[in-house]
Amino acid sequence: MTAALKAVLSAALAGLLGLDSVQAGQFLLSRPAFVGPVLGWLNGCPLEGARLGILLELLYIDFIPLGGVVPPSGAAAAAAGVLAHSAGGLAPSLSFFIGLAAGRIFAPLEYRLRVSRSPWSAAIEEQVKAGDLSLRGWLARSLLLENAALAAYVLAWTALAAGLARLPGVGALYPGTDFAYSLMPWLGLSGLYFRFRTQIYKKA
């Protein structure tokens, strides 16, 4: 299997797993701690995929999609990060920060996707009032739209990473990104500490 085909399949899988965040299931399959290792295994870098996914999970664990709040996409972040490394050819440290940026930037795009689907509610309501309860078409359209959007988004970031890897002098960034990447476990764990500490004080 070629690297390009793996990247396309990985992006499609990321789009499928991303549906689990809100639209289907909610079995935590869209969490970066799951997406990272799965895509890492598929692309021949399971350890880097697992490490990237776990670190993103530590940073994104406090973000919960409630009401109209659209948090950063952990699935987009993990997928873009893994593919930036495996298909784009960037160092794991720079790939991590590319994934982090991709997850945050996807949030407003996802919000626009939700807004674009809002007018469907009136049409669905009229259909139900008419006695037609077959809503599978609407559901399938919504899922396909979300899947395709996330897959295309991940592929775009993969192409960006591949282009960045070809730039002369990109290696000069690696000492800085490597150092910052080495701090991420401590940053994530400190965030967890203060989160659990706050919860304990609330219970007390």
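Modeller: One term to begin with: helices (H or I, at least four residues) and strands (E, at least two) are DSSP runs, numbered from the N terminus. The structure is a predicted model, in which local features need pLDDT of at least 70, side-chain atom pairs count only at pLDDT 80 or more, and totals for chains, interfaces and linings use all residues. Residues are numbered from 1 along each chain as its sequence is written, and side-chain values use heavy atoms, with hydrogens and water left out.

Colleague: Fine. How many helices and strands are there in the protein?

Modeller: The protein has 8 helices and 0 strands. Read from the N terminus, the order of elements is α-α-α-α-α-α-α-α.

Colleague: And the confidence? What is the mean pLDDT of the protein?

Modeller: The mean is 85, and 84% of the residues reach 70 or more. pLDDT is the predictor's confidence in each residue, from 0 to 100.

Colleague: Where is confidence lowest, and where is it highest?

Modeller: Confidence is lowest in helix α6, residues 120-129, with a mean of 71. Helix α4, residues 74-86, has the highest, at 96. Where pLDDT is low, the predicted coordinates should not be read in detail.

Colleague: Noted. What share of the residues is buried?

Modeller: Of the 204 residues in the protein, 38% are buried. Buried means under 20% relative accessible area, exposed over 50% and partly exposed in between (1.4 Å probe, protein chains only).

Colleague: Let's pick a helix. How many residues does α3 have?

Modeller: Helix α3 covers residues 46-60, which is 15 residues, and reaches 21 Å from its first C-alpha to its last.

Colleague: Which residues of α3 are buried?

Modeller: They are Gly49, Leu52, Gly53, Leu55, Leu56, Glu57, Leu58 and Tyr60.

Colleague: Glu57 is on that list. Why does glutamate 57 count as buried?

Modeller: Because its relative accessible area is 14%, glutamate 57 is buried. The residue lies in helix α3. The side chain of glutamate 57 reaches the backbone nitrogen of alanine 33 at 3.2 Å.

Colleague: Which residue forms a salt bridge with glutamate 57?

Modeller: Arginine 31 does, and the closest N and O atoms of the two are 2.7 Å apart. The pair links distant parts of the chain: arginine 31 sits in the loop between α1 and α2, glutamate 57 in helix α3, and they are 26 residues apart. A salt bridge is a side-chain nitrogen of Lys or Arg within 4 Å of a carboxyl oxygen of Asp or Glu.

Colleague: Is arginine 31 buried, partly exposed or exposed?

Modeller: Arginine 31 has a relative accessible area of 23%, so it is partly exposed.

Colleague: How many salt bridges does the structure hold?

Modeller: It holds 1 salt bridge.

Colleague: Then what about aspartate 20, where is that?

Modeller: Aspartate 20 is in the loop between α1 (3-18) and α2 (32-42). Aspartate 20 is buried yet has no salt bridge. Its nearest side chain of opposite charge is arginine 31, 8.2 Å away.

Colleague: Which backbone nitrogen does the side chain of aspartate 20 reach?

Modeller: The one of leucine 28, at 2.8 Å.

Colleague: Last topic, rings. How many aromatic pairs does the structure hold?

Modeller: There are 4 aromatic pairs. One of them is formed by phenylalanine 106 and tyrosine 153, a tilted pair with 4.9 Å centre to centre and 55° between the planes. Phenylalanine 106 lies in helix α5 (residues 92-117) and tyrosine 153 in helix α7 (residues 136-165), so the pair ties together parts that are 47 residues apart in sequence. Both phenylalanine 106 and tyrosine 153 are buried. As for the cut-offs, rings of Phe, Tyr and Trp (its six-membered ring) pair if their centres lie within 6.5 Å; planes under 30 degrees apart count as stacked, over 60 as edge-to-face and the rest as tilted.

Colleague: Which residues form one aromatic cluster?

Modeller: Phe96, Phe97 and Tyr181 do.

Notes. Lys and Arg count as positive and Asp and Glu as negative; His and the chain ends are not counted. A polar contact is a pair of N or O atoms within 3.5 Å; within protein, one must be able to donate a hydrogen and the other to accept it, and residues adjacent in sequence count only if both atoms are side-chain atoms. The expected span of a helix is 1.5 Å times one less than its number of residues.
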